[in-house]
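Here's a quick tour of a structure with more than one thing worth looking at. Keep the picture open while you read, and find each piece as it comes up.

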Protein chains: 2
Amino acid sequence: MVADRLESVRRYLENKGLSALIVPSNDSHFGEYIQGYYKCREWLSGFTGSAGTLVVTLKAAALWTDSRYFVQAEEQLRGSGIELKKIKIPGTESIEEWISAVLKPGEAAGIDADLISVSEHKTMAEALGNINLKLIEDPFNQIWQSRPPLKNFPIRVLGDSITGESTVSKHSRFLEKLGFKGDFAYIVTSCDESAWLCNVRGIDVEYNPLPLVYSVIEREKITLFCSLESIGTDEWEYLNSRGVDLMDYKIFPEFLKCFGEGCTVIAPESKISASVYSMATSAGAKFIPDTLRGGIIAQLKSIKNEIEEEGFRKAHILDGAAWVRYLKFIDDSQKSGKPMNEVMLAQKLIEFRKYSEFYLDESFEPIVATAANGAMPHYSPDPENPKKIGEGFLLTDMGAHYLFGTTDTTRTLYIGEPSDEERRDYTAVLRGMINLTTAIFPKGTRGSSLDFLARGEVCSREKLYLHGTGHGVGHSLPVHEGPQSIRMEENPVTIEPGMVLSNEPAIYCEGRYGIRTENLILCKRKSLNSYGEFFNFETLTLVPIEKKSIDIAMLDRRHIEWLNDYHDRVLKELSPLLNAEEIAWLSERCSKID
Amino acid sequence: MVADRLESVRRYLENKGLSALIVPSNDSHFGEYIQGYYKCREWLSGFTGSAGTLVVTLKAAALWTDSRYFVQAEEQLRGSGIELKKIKIPGTESIEEWISAVLKPGEAAGIDADLISVSEHKTMAEALGNINLKLIEDPFNQIWQSRPPLKNFPIRVLGDSITGESTVSKHSRFLEKLGFKGDFAYIVTSCDESAWLCNVRGIDVEYNPLPLVYSVIEREKITLFCSLESIGTDEWEYLNSRGVDLMDYKIFPEFLKCFGEGCTVIAPESKISASVYSMATSAGAKFIPDTLRGGIIAQLKSIKNEIEEEGFRKAHILDGAAWVRYLKFIDDSQKSGKPMNEVMLAQKLIEFRKYSEFYLDESFEPIVATAANGAMPHYSPDPENPKKIGEGFLLTDMGAHYLFGTTDTTRTLYIGEPSDEERRDYTAVLRGMINLTTAIFPKGTRGSSLDFLARGEVCSREKLYLHGTGHGVGHSLPVHEGPQSIRMEENPVTIEPGMVLSNEPAIYCEGRYGIRTENLILCKRKSLNSYGEFFNFETLTLVPIEKKSIDIAMLDRRHIEWLNDYHDRVLKELSPLLNAEEIAWLSERCSKID
């Protein structure tokens with residue numbers, strides 16, 4: 001199958017005078033999840049992981065993916081004639097190095113102009129040196145016979161009582177932040193940015209409550225490009241009354257081509273495709289890049305207003321109740337000797353979440369991982385072969401979208417009795433999580449300054465986790481949101497009141513276990529004094545933290561105080577949603593340690 | 001006086017067709033301290049602070065300096081017609097903004113080409129826009145009649161038993177790190193870099209054990225440009241035998257002008273003057289910038305070898321004994337009611353340091369600050385008006401150069417009984433110092449990741465210090481050394497085994513007190529396991545930390561354990577140098593807390 005498909009790509013290449021085709025994994029919106037229509041790399045290679053770039057030449061083929069997918073890719077590529085290239089492993093050449101070695105100078109490699117951003121295009125073209133990087137139209141319209149169609153589902157409108165701010169107000173704050181004098185067209189290709197700006201949501205991609213949409217912001221209006229069939233009359237009128245014009249998704253390219261001389265087109269170069277750039281400037285418009293990290297809209301969106309904050313709090317109470325039932329279910333099953341497996345447990349938490357009418361969807365692919373499976377940070381249970389829950393750590397990392405907020409929680413339980421080393425690792429992770437939670441920091445602090453408060457505790461055990469400590473979280477929008485982060489790597493974005501971030505230090509012992517404890521935290525104003533302004537965090541997540549694996553002697557008084565206070569709050573805030581038996585169980589789980 | 005001097009500058013400007021003269025505070029080596037010969041800005045303005053840039057136009061004059069010097073500059077500039085510009089205060093225009101506003105487009109501002117680096121020149125020329133920035137020869141040779149001459153003092157050679165590495169070996173490691181194929185001339189203008197490379201020291205500037213020297217590295221040899229009168233026959237032979245040619249300091253410009261076509265000149269653009277650049281490329285040589293942060297030599301120099309580390313340890317034992325006598329002197333004076341003042345105390349510590357034959361000099365201007373004076377991070381006692389030591393915190397920040405190592409220590413004592421707030425502030429600073437001291441971190445960690453371990457404790461009190469937590473320290477070389485640092489600001493340099501850094505969190509309460517506790521720490525290899533390599537710190541400084549102001553309830557067990565272990569070590573390592581009475585006193589100071 002894969003061989004036939006590669007063959008058809010090679011015929012295409014020959015027809016077009018190309019020597020290679022580069023097939024990335026994204027769609028033209030550069031989001032985290034894509035529809036089947038865009039899964040060309042998967043169709044062509046047989047590799048189903050979410051990340052990876054395939055390059056096919058007339059004689060060879062290779063696929064680059066990261067450590068999460070090495071095992072899976074090795075299996076799925078076996079016998080395909082596609083070589084696996086392991087990213088970040090010493091000795092692995094880059095895509096550009098490989099192409100430069102395989103092609104001759106002057107030969108051309110093609111890439112779909114819709115699937116590469118302007119900034120990536122610059123970088124790649126430069127790295128390819130004397131190999132010509134050619135922007136082409138989507139080749140899979142020809143090659144992929146049974147390609148699934150692009151699907152559009154109904155679009156919902158969120159009122160100001162949920163978003164806390166009308167599109168009119170967002171538009172006006174955007175104009176202020178842009179500070180541009182004269183006429184302009186600002187292009188928004190990220191679906192979550194248009195969704196935030198126009199207060200709309202959809203279900204066009206997995207795990208993200210998003211419609212596939214573009215928008216163009218001008219001084220006097222916003223034009224939203226969406227499937228007009230997916231939008232009801234009420235929604236249409238609602239949007240129109242807020243200064244949002246609607247046009248069909250398919251019209252977007254034609255619309256871009258109308259920006260003539262005298263027009264100024266603005267966008268972040270990392271977020272618009274080479275194709276959008278070329279169409280928008282084809283009639284003579286001048287282009288100005290938005291150089292703010294992540295772009296203006298992402299920066300505005302990252303600061304939640306009070307209504308959004310309140311929505312996050314409500315979502316976490318609902319989610320906390322579901323987690324309590326989930327944790328109690330595991331406890332009960334253990335006591336009664338009922339067997340459990342990873343797939344069933346993930347379904348169980350989803351089932352409990354569905355008790356709430358406001359639950360929309362999971363916010364990412366569920367992770368329930370027993371023992372050694374927990375050592376893979378992005379593991380997901382295999383429905384074909386559900387893994388039985390055995391002795392050792394049991395890690396659950398699951399999140400949900402509610403109508404008014406998004407959650408992302410990790411708890412690590414222990415089935416059986418933890419060893420001293422396991423206790424010490426678990427406690428180090430908990431110390432780190434609490435250190436970051438209780439930080440007080442001055443205005444102007446970057447996430448990279450705070451990262452080591454959490455990571456340092458894991459390093460004290462001479463262990464590591466290779467991911468960031470915290471990512472931004474959207475408001476009933478993608479659970480991974482920029483530009484804010486708490487990572488070792490430098491990120492010039494400062495942590496500001498209203499930002500929601502995850503706090504998830506971890507320890508992974510390969511082949512043995514994974515431990516991660518994750519809460520969402522909201523940055524708040526703490527005080528203003530003669531030294532300046534200070535911020536701190538409010539914990540949003542309300543899920544008990546298992547005490548069984550804590551080595552209490554390793555905690556300082558302030559960690560113990562925080563944990564006891566937190567459990568008091570969990571019990572108080574969740575009890576109204578629970579029955580007597582659940583409250584009794586939770587009370588025990590939330591009892592004080594000393 | 002100042003008026004006459006400004007007048008002579010204005011006559012000079014008119015003669016030269018210039019509209020402004022920019023007078024910086026540095027010499028052509030861009031070090032921290034300069035000889036009287038280079039104190040043109042001080043002579044011209046009457047302002048004696050170490051940092052500041054003066055700009056004189058035909059009608060106006062202004063001086064930019066930082067917060068350390070606002071009060072002093074205001075006083076010293078009064079009536080001079082020179083306006084004070086407070087750097088980093090909202091509303092203060094930059095030098096370039098001011099010049100652009102005062103001059104007309106096309107007019108020229110001059111600056112001595114010896115006193116501006118290539119990178120500063122680029123930045124300033126760009127910021128000046130259509131004002132012409134003209135590189136000129138030193139105008140003060142004409143203007144300053146009674147200018148002191150440039151002085152050169154004897155140069156010492158340090159043997160391999162002190163430096164741990166011969167110039168031959170340093171030269172060969174330099175070539176390896178440079179990795180340049182073909183002939184080249186690498187220009188070194190920083191005196192401390194030449195001193196490290198050629199294993200020489202001098203006393204040509206205050207507080208830095210440096211001769212005024214340049215060097216040029218080629219593949220086969222190093223040429224050291226120094227005052228040939230200052231070098232003895234033995235030293236001359238010693239250097240020659242290590243591949244170091246000697247040429248006179250005054251020949252350096254002519255030497256640079258010999259690099260013809262086919263030659264490649266290399267240097268960090270931030271460290272060579274515009275004048276050196278222009279001379280070195282005047283005969284057609286090609287210039288390649290050394291883009292490593294701080295340049296290759298600074299990076300090599302920052303990693304101490306085992307002999308240098310051992311020298312640091314020995315220096316800290318000698319210095320620790322002096323500090324014990326100093327602290328005991330203060331204690332005895334208090335008990336006997338003998339009055340003390342800041343100037344006398346600074347002299348006292350120097351006197352105790354001189355007990356050691358290996359003591360060379362102070363490593364920076366002594367800071368002894370009683371009560372509110374301590375709130376000024378760079379305060380220095382006024383010999384004209386010695387301030388009596390009163391109730392409250394007494395901060396001493398003093399360092400020394402010994403033959404084989406450099407020290408920099410701050411201790412904050414309390415005269416009287418501290419209030420609760422004072423105790424809490426003192427303890428927060430101590431917690432922060434210990435947090436950083438005890439950090440374990442993976443290879444690849446930048447100082448900005450570690451900074452908040454110390455700073456965060458001060459922020460927890462909703463207070464701040466505006467300086468970095470740690471600076472690099474040279475080996476019997478300048479006490480402030482790059483490229484390593486532990487600061488909030490991003491610095492891509494990672495902390496590596498062999499680097500020596502200060503660890504000095506602080507709290508400043510304006511008008512009331514300053515608290516700072518500072519040790520030097522040495523980065524060491526801790527372990528190598530399946531996660532990778534981990535580093536930690538060894539504390540070099542051996543001076544008891546006053547326990548009187550500690551709020552013990554605020555310390556965690558690990559802080560208490562560290563402090564008790566540290567005091568055990570201080571007592572054990574210093575006792576051999578102390579008499580019975582001193583040992584008895586120190587034993588009490590080093591007794592355990594619980």
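Let's start with a pair of helices: α14 (residues 306-336) and α19 (residues 580-589) of chain B pack against each other at an angle of about 80 degrees, and their axes are 10 Å apart. Since angles from 65 to 115 degrees count as roughly perpendicular, that makes α14(B) roughly perpendicular to α19(B). Keep in mind that you're looking at a predicted model.

**The helix pair in chain B**

- Which residues make the contact between α14(B) and α19(B)? From α14(B) they are B:Val324, B:Arg325 and B:Lys328, and from α19(B) they are B:Glu582, B:Trp585 and B:Leu586.
- Sort the residues of this contact of α14(B) with α19(B) by class and you get three nonpolar, three charged and no polar ones.

**Strands in chain B**

- Now look for β27 (residues 519-529) of chain B, which pairs with β28(B) in the antiparallel sense over eight bridges.
- β27(B) and β28(B) form a hairpin, with two residues between them.
- To spot one of the bridges, find B:Asn529: its partner in β28(B) is B:Gly532.
- β28 (residues 532-539) of chain B also pairs with strand β21 (residues 441-442) of chain B, again in the antiparallel sense, this time over two bridges.
- Here you can check B:Pro442, which stands opposite B:Phe534 in β28(B).

**How chain A is laid out**

- Chain A is divided into domain 1 (2-143), domain 2 (156-301) and domain 3 (303-589).
- How far apart do the C-alpha centres of domain 1 and domain 3 of chain A lie? The distance is 36 Å.

**An open sheet in chain A**

- Six strands of chain A line up as an open sheet, in the order β12-β11-β10-β8-β13-β14, and their pairing is mixed.
- The edge strands are β12 (244-248) and β14 (286-289) of chain A, each of which pairs on one side only.
- Going from one strand to the next, the twist averages 25 degrees.

**How the two chains are related**

**Where the chains meet**

- The contact takes 24 residues from chain A and 24 residues from chain B.
- On the side of chain A that touches chain B, β21 (441-442), α17 (447-460), β27 (519-529) and β28 (532-539) of chain A each supply at least two residues.
- α17(A) gives the most to that side, with nine residues.
- By class, the residues of chain A that touch chain B divide into twelve nonpolar, seven polar and five charged.
- Why can we say that the copies meet through the same surface? Because 100% of the interface residues of chain A are also interface residues in chain B.

Notes
Residues numbered from 1 in each chain as written. Chains lettered and ligands numbered in written order. Predicted model: local features only at pLDDT ≥ 70, side-chain atom pairs only at ≥ 80, totals over all residues. Pairing = 2+ DSSP bridges. Helix = DSSP H or I, 4+ residues; strand = E, 2+ residues; numbered from the N terminus. Domains from an automatic or database assignment. Contact = placed C-beta atoms within 7 Å. Nonpolar A, V, L, I, M, F, W, Y, C, P; charged D, E, K, R; others polar. Axes fitted to C-alpha atoms, helices over the stretch in contact; angles between N-to-C directions. Parallel < 35°, antiparallel > 145°, perpendicular 65-115°, else oblique.
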